[in-house]
Amino acid sequence: MIQQINISEASVYVGTYRKYNEGSIFGKWLKLSEYTDKEEFYTACRELHQDEEDPEFMFQDYENIPNGLIDECWLSNNVFKVLESFENMDESQKEPFLIWCNNGHHNLAEEYIDDLISLFENDYVGEYDSEENFAMELVEEIDLPDFAKRYFDYQAYARDLFCGDYWSDGGYVFYSS
């Protein structure tokens, strides 16, 4: 299960490779919400390490940033757009969205966030206690006599559903698109 991310607290500890190689981890936590875009963030990084002529930034740690948007020496061009969109997303959608991105092989760093959100909204079915409970809900929507529902094999139906049309992770169910 993906840990819930508090985007409003997204921050990066910024040091430099030179300082690190010289035995220093000097840097500072920079909160991304204080910057409007990547260029403004990098300007703050340069000001922080103005004692170096051409600092090579090292993102030694980060918090509350979705996977794929940052690495030790790299920050995605999409990071501020993704963080803004994620902040505006309904709280109940955030965790399943990240699960969907990771399992659907979608790349937050390269794909347009608005397109990703639209695709996610088309694929996301909801949260269920189990795949079998999801299958039971689908059967309830069918006009079957109660007699037939008593003999219905929900476990087998769920297994078949999740072999093709649907997938789940952490209790969240998605269409296989």
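Which residues does Trp29 touch, not counting residues up to four places away in sequence?

## Starting from Trp29

One thing to keep in mind throughout: this is a predicted model. With neighbours up to four places away in sequence left out, Trp29 touches Ser11, Val12, Tyr13, Asp61, Tyr62 and Glu63. Trp29 itself sits in strand β2, and with a relative accessibility of 36% it counts as partly exposed. Ala10 is 19 residues away from Trp29 in sequence, and their C-alpha atoms are 9.9 Å apart in space.

Ser11 belongs to strand β1. Is Ser11 buried or exposed? Its relative accessibility is 10%, so it counts as buried, the cut-off being under 20%. Ser11 touches Trp29, Leu30, Lys31 and Leu32, and also Asp61, Tyr62, Glu63 and Ile65, again without residues up to four places away in sequence.

## The sheet and the helix across it

How are the strands arranged? There are 3 of them in an open sheet, ordered β2-β1-β3, with antiparallel pairing. The edges are taken by β2 (28–31) and β3, and each has a single partner strand, so one side of each has no neighbour in the sheet. On average, neighbouring strands here are turned by 35 degrees against each other, ignoring direction.

Between β1 and β3, which run antiparallel, there are 6 bridges. As for Tyr13, its bridge partner in β3 is Asp61. Helix α2 lies across β1, β2 and β3, and runs at about 115 degrees to β3.

In soluble globular proteins, nonpolar side chains tend to be buried together. In this model, the largest nonpolar core has 40 residues, and Val14, Leu32, Phe41, Phe59, Phe97 and Leu108 have the most contacts inside it. At least two core residues come from each of β1 (11–16), α2 (38–48), β3 (57–63), α3 (79–88), α4 (91–103), α5 (113–123) and β8 (172–175). Another core, of 9 residues, lies apart from it, and includes Ala135, Leu138, Ala158 and Tyr166.

Not counting residues up to four places away in sequence, Leu32 touches Ala10, Ser11 and Val12, along with Phe41, Ile65, Val79, Phe80 and Leu83.

## Aromatic pairs

The structure holds 24 aromatic pairs. Why does the pair of Phe120 and Tyr124 count as stacked? Their ring centres are 5.2 Å apart and the planes meet at 15 degrees, so the pair is stacked; the cut-off for that label is under 30 degrees. Phe120 and Tyr124 are both buried. Phe134 and Tyr166 also form an aromatic pair, this one edge-to-face, with 4.8 Å from centre to centre and 70 degrees between the planes. Phe134 is in helix α6 (residues 131–141) and Tyr166 is in strand β7 (residues 166–169), so this pair ties together parts that are 32 residues apart in sequence. Phe134 and Tyr166 are both buried as well.

Finally, which residues make up the aromatic cluster that includes Phe120? Phe86, Phe97, Trp100, Phe120, Tyr124, Trp167, Tyr172 and Phe174 form one cluster. Phe97, a member of this cluster, is also among the residues with the most contacts inside the largest nonpolar core.

Terms used: Residues are numbered from 1 along each chain as its sequence is written. This is a predicted model: local features need pLDDT of at least 70, side-chain atom pairs count only at pLDDT 80 or more; totals for chains, interfaces and linings use all residues. Side-chain values use heavy atoms; hydrogens and water are left out. A nonpolar core is a set of buried Ala, Val, Leu, Ile, Met, Phe, Trp, Tyr and Cys residues joined through side-chain atoms within 4.5 Å. Buried means under 20% relative accessible area, exposed over 50%, partly exposed in between (1.4 Å probe, protein chains only). Helices (H or I, at least four residues) and strands (E, at least two) are DSSP runs, numbered from the N terminus. Contact means heavy atoms within 4.5 Å. Rings of Phe, Tyr and Trp (its six-membered ring) pair if their centres lie within 6.5 Å; planes under 30 degrees apart count as stacked, over 60 as edge-to-face and the rest as tilted. Two strands pair if DSSP finds at least two bridges between them. Axes are lines fitted to C-alpha atoms, for helices over the stretch in contact, and angles run from 0 to 180 degrees between N-to-C directions.
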